[in-house]
Amino acid sequence: MKIVLIGATGTLGRAIDAQLSASHQIIPVGRSRGQHQVDITSQASVEALFKAIGRVDAIVSATGSMHFGPLTEMTAEQFNIGLQDKLLGQVRLALVGQHYLEDGGSITLTSGIVANEPIRYGANATAVNSAVEGFARGAAIELPRGLRINVVSPTVVTESMDVYAPYFPGFEPAPAARVALAYQRSVEGPQTGQVYRVW
Ligand SMILES: NC(=O)c1ccc[n+]([C@@H]2O[C@H](COP(=O)([O-])OP(=O)(O)OC[C@H]3O[C@@H](n4cnc5c(N)ncnc54)[C@H](OP(=O)(O)O)[C@@H]3O)[C@@H](O)[C@H]2O)c1
């Protein structure tokens, strides 16, 4: 399959690339690195990406920023960071990308364990990750031509623990290579509207 991987240069993206590139052609995309560059917060940028790449069999997104900070100091502008970036950015990849998918193709987005397990400073992340999952459930029943859409919800990744450990006390991290298997399941498997939890 020809698979466009947005976020390919990140912690999770590198592991997904390693897992999928054994049997597929991966087009690695980052914001500033990778074979192609895109800014998922820009409609023009996402449209230009797909125009440049053309038709694909799968779209995998392992990217998206959110705001982390105490609720008592949170502003609507800060909350909007996650809405515009991780939520609408990934939704935009799906909305534009669906028209570039071959029949039977798939879209795989990324949420996170904080959707179900709130952490301190994580109100934006809980809301955004839940909304990404809601979008995929809603979109799955409307996609034509046998197209599928799923979400991978990783726990905190072992390779990110040096930064994230203080925010995830008592959480069991998962190696990025294990999380990558869920993306393979979404791309190569038959399911749609699913959230693959790697916890
Ligand atoms: N790491 C974890 O423990 C963990 C756990 C659960 C969920 N997640 C979720 O998994 C996703 C990836 O996390 P990560 O830790 O792998 O992130 P990361 O290491 O920071 O990598 C981010 C990737 O996204 C790209 N990127 C950043 N901003 C972008 C934009 N505006 N448009 C397009 N691409 C952009 C980066 O490209 P450049 O390299 O070119 O800048 C890079 O490839 C995020 O949604 C995160 O919330 C992560």
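In the predicted model, a backbone N or O atom of Ser 32 lies 2.7 Å from an oxygen atom of the ligand, a polar contact being a pair of N or O atoms within 3.5 Å. The protein covers 84% of the 910 Å² of accessible area that the ligand has on its own (Shrake-Rupley method, 1.4 Å probe). Local features required a pLDDT of at least 70, and side-chain atom pairs a pLDDT of 80 or more, whereas totals for chains, interfaces and linings use all residues. Residues are numbered from 1 along each chain, and side-chain values use heavy atoms, without hydrogens and water.

Around the ligand there are 26 residues, of which Thr 9, Ser 32, Arg 33, Thr 63 and Val 157 come nearest (a heavy atom within 4 Å). This shell comprises ten nonpolar, twelve polar and four charged residues, with Gly counted as polar.

The ligand sits in the largest pocket, in the sense that more than half of its atoms lie within 2 Å of the grid points. The volume is about 1,100 Å³, and Ala 62, Thr 63, Gly 64, Ser 65 and Tyr 164 are the closest to the centre among the 41 lining residues.

Technical notes:
Polar contact = N/O pair within 3.5 Å; in protein donor to acceptor, adjacent residues only side chain to side chain. 1 Å grid on protein atoms, 1.4 Å probe; cavity = no way out; pocket = protein on both sides within 12 Å on 5 of 7 lines; lining within 4 Å. Points joined across faces, edges and corners; volume = space filled by probe spheres on them.
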